[in-house]
Amino acid sequence: MKLLNISKPVLDPYPFETNIDIEFMRRFLRNYWHYSVYTAAVYLIIIYLLREYMKSRPAFELKRASFVWNGILALFSIVSTLRGFPGMVFIFRHYSFYNIVCNKSLAVQTPQLIFWGTFFLFSKVWELGDTVLIVLRKRNLMFLHWYHHVVTLIAMWYATYKEASFGFLLGYTNVFVHSFMYSYFALKSIDMKIPVKYAMFITAIQTLQMLFGVLVSFWIYWLHLNNYECHTPKESLEIFFVVYLSYLFLFSYLFYNSYIKPRSSKKHD
C-alpha cells in the first residue's frame, strides 16, 4: 500500500504538536511495550492488597483527590478530542474508509493525531489510579472496571508497537467517549447530582464504541481473507476482536442491568 500524501490539514498544528519523534516512539514501543504487562500485573496486586487492607478500616473521603484525578483525565480527553477533530474530519472527507483503517500513513502525517495519540497511550497508565481511589473510598469496584483498565492498557501498547493501522481510529473514538465519561466521574466524585439520563447516555455510547470496534475488526479480517492489503497485522486484529467482543458483552450487560432491568421490575410490581 502506497504512502498517501496529505495536503495542508484543516487545522494547523501548534509548534509543540510537531515535536513527537516518531522513530523514537517506534523504538521505545518495540523495546518496552511488554512493560504494559508488568504494569498491569503490579496494578492488580496493589488493588488486591488495598482491598484486603480496607476491609477492616473506614473509608477515606478523598473527594478532592477524586475530582482532580478524574478532572485531569476529562480535560485531557476533551482537548484531545477537539484538537484531533479537524484532522479526523479532513481524513474522512478525502479518503475512503478502507484507507482510513488500513493505511497507517494517514495518522503518521497528521501531527495533532500523533501528538495527542502518544499522550493517549501513556494516559492508559494514569487511568489506573482511579481504581486506587475507588478502593480507598470503599466504593463498588466492578469487574468491568479493572478488567477494562488492564486489557486496554496492554492491547493499546501492543497494537501501537505493531503499528496497527486501525488503532488511531479506535483510539480517537475512545478518547471522545472518555471526554464525557471522566467529566461525569469528576462531578460525581464531589456528589454533584446528575440526571440518570446522562449516565445512561455514557453507558450507551460506550456500548456503541465496543460494537464499532467489533464490526471494524471483523471487516478488516474479511479484507485479509480476501487478500486486500492492510497495515493491521492479523495477530493484532485477532486480539482486538476478542477484546472488543468481551467489552461489548460486559457493557451491554451493564446497560441492561442498570437501565432496562429496573424498568422491567417496576412494570411487574
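**View 1. Helix 7 and its surroundings.** The buried residues of helix 7 pack against helix 2 (35-54), helix 3 (63-94), helix 6 (111-126), helix 8 (143-161) and helix 9 (167-189). You're looking at a predicted model, where local features need pLDDT of at least 70, side-chain atom pairs count only at pLDDT 80 or more, and totals for chains, interfaces and linings use all residues. Residues are numbered from 1 along each chain as its sequence is written, and side-chain values use heavy atoms, with hydrogens and water left out. Helices here are DSSP runs of H or I with at least four residues, strands are runs of E with at least two, and both are numbered from the N terminus. Helix 7 spans residues 129-136, and six of its eight residues are buried, so the rest of the structure largely encloses it. The buried ones are G129, D130, T131, L133, V135 and L136. "Buried" is under 20% relative accessible area, "exposed" is over 50%, and "partly exposed" sits in between (1.4 Å probe, protein chains only). Contact, in this view and those below, means heavy atoms within 4.5 Å.

**View 2. Helix 2 alongside helix 7.** These two helices pack at an angle of about 10°, with their axes 9 Å apart. That makes helix 2 roughly parallel to helix 7. On the helix 2 side, the contact is made by Y43, I47, L50, R51 and M54; helix 7 brings T131, V132, V135 and L136. For the geometry, axes are lines fitted to C-alpha atoms, for helices over the stretch in contact, and angles run from 0 to 180 degrees between N-to-C directions. Angles under 35 degrees count as roughly parallel, over 145 as roughly antiparallel, 65 to 115 as roughly perpendicular, and the rest as oblique.

View 3. E127 sits in the loop between helix 6 and helix 7. With 3% relative accessibility, E127 counts as buried. Skip its neighbours within four places in sequence, and E127 is in contact with L73, H149, H178 and Y182. After helix 7 comes K138, placed in the loop between helix 7 and helix 8. K138 isn't a glycine, yet its phi is positive, at about 55°. K138 is partly exposed, with a relative accessible area of 40%.

**View 4. F60 meets R137.** F60 belongs to the loop between helix 2 and helix 3, and at 43% relative accessibility it counts as partly exposed. Though F60 and R137 are 77 residues apart along the chain, their C-alpha atoms are separated by 4.9 Å. Not counting residues up to four places away in sequence, F60 touches M54, L136 and R137.

**View 5. The disulfide of C102 and C230.** The count comes to one disulfide, taking a disulfide as a pair of cysteine sulfur atoms within 2.5 Å. C102 and C230 form it, with S to S at 2.1 Å. At -90° about the S-S bond, the link is left-handed. It ties together distant parts of the chain, 128 residues apart: C102 is in helix 4 (residues 97-102), while C230 is in the loop between helix 10 (196-225) and helix 11 (234-268). Both C102 and C230 are buried.

View 6. A nonpolar core is a set of buried Ala, Val, Leu, Ile, Met, Phe, Trp, Tyr and Cys residues joined through side-chain atoms within 4.5 Å. The largest one has 55 residues, and those with the most contacts inside it are I91, I100, V101, F166, I220, F240 and Y247. Leaving out residues up to four places away in sequence, F240 touches A155, M156, A159, F166, L170 and S217. A second, separate core of 10 residues includes L73, M181, A199 and F255.

View 7. I239 is in helix 11, and at 36% relative accessibility it counts as partly exposed. I239 and Y253 are 14 residues apart in sequence and 21 Å apart in space, C-alpha to C-alpha. E163 lies in the loop between helix 8 and helix 9. E163, a residue other than glycine, has a positive phi near 55°. At 25% relative accessibility, E163 counts as partly exposed.

**View 8. Confidence along the chain.** The mean pLDDT of the protein chain is 89, and 92% of its residues reach 70 or more. pLDDT is the predictor's confidence in each residue, from 0 to 100. Among the elements of the chain, helix 2 has the highest mean pLDDT (96) and helix 5 (residues 105-108) the lowest (72).
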